[in-house]
Amino acid sequence: LEHWEKKEFWNAHDAWEGIWRTTEKSKKKEFFQGIIQLAAAMHHHQNGNRVGANSMLEKAKAHIKKGLKKYGELTAQTIEKEVSKVINSDSVVSRK
């Protein structure tokens, strides 16, 4: 979560991808694939790529629906709502 909170979305993507790669097919794997795609959506948005951001957001939603609803302190629905709000606004997320 440290990378996410620092708005380092690609680093968050990479960190979560390590967990995803070592997880067998399960709701947990779907959860991580969804939040990885949310991080990718935020990375695209941060770099001005609205089409890429929206595309990744839609893909992420599909995985989130199939995955765990919560893993530790991560709640997929909360993150998805945050990402949707940012992507659908005109705001730009800058790195801290």
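Some ground rules. The model is predicted, so local features need pLDDT of at least 70 and side-chain atom pairs count only at pLDDT 80 or more, while totals for chains, interfaces and linings use all residues. Residues are numbered from 1 along each chain as its sequence is written, and side-chain values use heavy atoms, with hydrogens and water left out.

The overall build comes next. The chain has 5 helices and 2 strands. Both are DSSP runs numbered from the N terminus: helices are H or I with at least four residues, strands are E with at least two. Starting at the N terminus, the order is α-α-α-α-β-β-α. The radius of gyration is 12 Å, close to the 12 Å from the globule rule for 96 residues, so the chain is as compact as a globular protein of that length. That radius is taken over C-alpha atoms, and the rule is 2.2 Å times the number of residues to the power 0.38. Along the principal axes, the C-alpha atoms fill a box of roughly 35 × 25 × 20 Å.

How much of the chain is buried? Buried residues account for 41% of the 96. Buried means under 20% relative accessible area, exposed means over 50%, and partly exposed is in between, with a 1.4 Å probe and protein chains only. Now contacts, meaning heavy atoms within 4.5 Å. Take those between residues at least 6 apart in sequence: 65% join residues at least 24 apart.

H2 covers residues 9–21 and H3 covers residues 27–46. Their axes come within 8 Å and cross at roughly 165°. Axes are lines fitted to C-alpha atoms, for helices over the stretch in contact, and angles run from 0 to 180 degrees between N-to-C directions. H2 and H3 are therefore roughly antiparallel. The cut-offs: under 35 degrees is roughly parallel, over 145 roughly antiparallel, 65 to 115 roughly perpendicular, and the rest oblique. H2 passes H3 in a left-handed crossing. Left-handed means the near helix is turned anticlockwise from the far one by less than a right angle; clockwise is right-handed. Among the residues that meet are Trp 16 and Trp 20 in H2, and Phe 32 and Ile 36 in H3. The contact holds 12 nonpolar, 4 polar and 4 charged residues. Nonpolar covers Ala, Val, Leu, Ile, Met, Phe, Trp, Tyr, Cys and Pro; charged covers Asp, Glu, Lys and Arg; the others, Gly among them, are polar.

In the loop between H2 and H3 sits Thr 23. Thr 23 is buried, at 12% relative accessible area. Beyond neighbours within four places in sequence, Thr 23 contacts Lys 28 and Lys 29.

Ile 35 lies in H3 and is buried, at 0%. Setting aside neighbours within four places, Ile 35 contacts Trp 16, Leu 74 and Ile 79. Gln 37 is also in H3. Is Gln 37 buried or exposed? Buried, at 10% relative accessibility. Not counting residues up to four places away, Gln 37 touches Met 56, Lys 59, Ala 60 and His 63.

Last, the second pair. H4, residues 50–66, packs on H5, residues 76–87, at about 160°, with axes 11 Å apart. That makes H4 roughly antiparallel to H5. The contact includes Leu 57 of H4 and Val 83 of H5. Its residues divide into 6 nonpolar, 2 polar and 3 charged.
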